[in-house]
Amino acid sequence: MGRTLQNTMVNLGLQSALRRGPVPAGAGHGGAAGDRGGRGAGQRGPGAPGSLLPGLDGHAGSGRLRLRHPLRVRHLQPEDLGGLAGGGGGRLAALRQPLGEGAAEYTIPVHFYGRVEHGPHGAKWLDTQVVLALPYDTPVPGYRNNTVNTMRLWSARAPNEFNLKDFNVGGYIQAVLDRNLAENISRVLYPNDNFFEGKELRLKQEYFVVAATLHDIIRRFKSAKFGSRDPVRTAFDTFPDKVAIQLNDTHPSLAIPELMRILVDEEQLSWDKAWEVTVRTCAYTNHTVLPEALERWPLHLLEALLPRHLQIIYEINQRFLDRVYAHFPGDHERLRRMSLVEEGAVKRINMAHLCIVGSHAVNGVARIHSDILKNSVFKDFYELEPHKFQNKTNGITPRRWLLLCNPGLAEVIAQRIGEEFVADLDQLQQLRNFVDDDSFIRDVAKVKQENKLKFAAFLEKEYGVRVNPASLFDIQVKRIHEYKRQLLNCLHVITLYNRIKKEPNKSFVPRTVMIGGKAAPGYHMAKMIIKLVTAIGDVVNHDPAVGDRLRVLFLENYRVSLAEKVIPAADLSEQISTAGTEASGTGNMKFMLNGALTIGTMDGANVEMAEEAGEENLFIFGMRVEDVEALDRQGYCARDYYERVPELRQAVDQLSSGFFSPRQPDLFRDIVNMLMNHDRFKVFADYEAYVKCQEKVSALYKNAREWTRMVIRNVAAAGKFSSDRTIAQYAREIWGAEPTRHRIPAPDEPRE
């Protein structure tokens, strides 16, 4: 809650009051809202409150009531923090929520397993196992507009307290086991995002959140006034006018069959009427194009856990395929591609297809991503219903990612253009008038250097590592994944090291390379990448010939609270995914807003960042989407690049020979084998362009004034990437609600 507490205080205008007020011993600013409890940056899943749909405070800032209903987890799944920890060796990060208030009177029973009986009055789901969903509410205020939204988190509870009678008859152990099984749902969160693992607990978590939330929504829809539990509305004709459900990736996709189950089985609506209500209510945001990340639940798992829902999915699929066949008669291959049920050795339900079929709007999170969805990933669905598909480019909240984490830069900006940019980030465009202002250039450069000094002191205190604050801070912090190409960064570091060793007397721009992020627990290659970064650092950082001209660090336990320190200190932001693989990214926007220059491919939101700032103000390199597609058609051969580029061959040979792992020479064999023989993300194809682009980075860094002028152009162009803009677009174009900046009078102010 520390991170939320600070954000709340900024929105209420109390941030400075906290710093001036009396502080109890041991509970200073860092104690109340300090470093230990920040959630992992970039973690996603059914319990991620604000990681995907940006700007929870943006909902409140738009003056519209929005309730978020994530999972309230007690612990986060252990993740690799820099070595090769085994499955059971990680530590669990406990999440405490001192400000969340449990609303026991709104506890909701959630059902699992059981069987289905069909009778004259419809289907009945019987003999189920029940877990109680206990709501915890957290207020989320908008920015100085007296509007407060609610984030409702669900915690799992066993339906019965432990009974002493069970102990007396010898059932103590079973009673404890049953209770633990129920409460495991919110005890540990699976964080995997771009690496789907079909585990029963994750499916339980997803349905638990969906079922509790939908029952809560319907209770409130039926009530006469807020807080009442007496049903007044019984017709559902106006339900889509009052309720908008945004399916944030496929994690909540079971909302579609669950809403159908409630409307058909419990509220006795006809199938057609229930389907109309469901489609008008639901909309789907896609967050990835990677096939291994898309949820495809095995049929047998759904059949055992949610038997009625599987029946409903079958019916949805049959009716949908009938419609497809009517539009494309005789096209059986299209039917196979579009079916919700995937045939194979293990039959699976494609949850992305379910989301598209059951929603009135489908959007990607950057323009290039939305185009890929229409032209490739969901092309069949786009051809059937083109009106559904939209784009909503992601955004970040400037309250957290400028005011809170970089007050020095915010102050320098406010001195020139006033404070309106906090609620209207487009105002940053006025900074273009100061690109040649020597005073402003000095102030921006001074703030950056102060942030670098602070972060250098933090690294020395927390990690025991000394870095040169005058060096170029080259940062890549994001989830560890092959498509994000941390390996390309590693190859460049090895190349820099080899150049320094080859010409030790030559002048080099000093550089501190920091790579951070977490690996999914079951993702072997990601853990090997982390191990490689640390191994390279062990060699480079202890070589006296290198000195402080090159440092390599792996930032352990990357999380929001660490991001708030490293992003304001960054000089260079690494956004180097293979073109066509990153949906959007938000880290790229955070770095841009905080005065880092971007080296990146034309992927995700980088494309729009280059449009806003001018491509000449970013370090763009490498293949575009069409180049990647052409290379796929031609056939990518990594060995061709290995044979042709001497510096690349030297770096790869060092990995193969154990240069960076002398005690275990074959440690990085899997990485080399992947790069040489089955690299889907074509690291070698972009190596030369990347190294040449990095040379341009070093050359510009020597000219402090020109570097800072480019920084100012980037900050001035960051306005589009506010989550306020994103949320306003969702509201107008998907939810059918008009945002307003109207400020509600405070309780002590007169009302008109």
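## The annotated lysine

UniProt positions are given here in the numbering of this structure, and its annotations may be inferred rather than shown by experiment. With that in mind, the unreviewed UniProt entry puts the feature "modified residue: N6-(pyridoxal phosphate)lysine" at Lys590. The model you're looking at is a predicted one.

So where does Lys590 sit? Lys590 is part of helix H23, which covers residues 587-593. Its relative accessible area is 15%, and because buried means under 20%, Lys590 counts as buried. Setting aside residues up to four places away in sequence, Lys590 touches Ile396, Trp401 and Ile567.

## The nonpolar cores

Nonpolar side chains tend to be buried together in soluble globular proteins. Here, the largest nonpolar core has 211 residues. Which of them touch the most other members? Those are Phe112, Phe421, Leu428, Leu431, Phe455, Phe619 and Phe684.

Take Phe684 as an example. Leaving out neighbours within four places in sequence, its contacts include Leu491, Tyr636, Ala638, Tyr641 and Tyr642. Leu648, Val652, Leu675, Met676 and Asp679 are also among the contacts of Phe684.

## A histidine in H20

His492 is found in helix H20, residues 486-502. Is His492 buried or exposed? With a relative accessibility of 3%, His492 goes down as buried. Not counting residues up to four places away in sequence, His492 is in touch with Arg511, Tyr690, Val691 and Gln694.

## Cysteines without disulfides

How many disulfides does a search of the whole structure find? The count is zero. For scale, the cut-off for a disulfide is a pair of cysteine sulfur atoms within 2.5 Å.

Cys355 is also buried, at 0% relative accessible area. Cys405 has a relative accessibility of 11%, and that makes Cys405 buried as well.

## A hairpin

Strands S6 (residues 115-119) and S7 (residues 122-126) pair in the antiparallel sense, with five bridges. Together S6 and S7 make a hairpin, with two residues between them. If you want a pair to click on, Glu117 has Lys124 in S7 as its bridge partner. When you inspect a regular strand, keep in mind that side chains alternate between the two faces of the sheet.

Technical notes: Residues are numbered from 1 along each chain as its sequence is written. This is a predicted model: local features need pLDDT of at least 70, side-chain atom pairs count only at pLDDT 80 or more; totals for chains, interfaces and linings use all residues. Side-chain values use heavy atoms; hydrogens and water are left out. Helices (H or I, at least four residues) and strands (E, at least two) are DSSP runs, numbered from the N terminus. Buried means under 20% relative accessible area, exposed over 50%, partly exposed in between (1.4 Å probe, protein chains only). Contact means heavy atoms within 4.5 Å. Two strands pair if DSSP finds at least two bridges between them. A nonpolar core is a set of buried Ala, Val, Leu, Ile, Met, Phe, Trp, Tyr and Cys residues joined through side-chain atoms within 4.5 Å.
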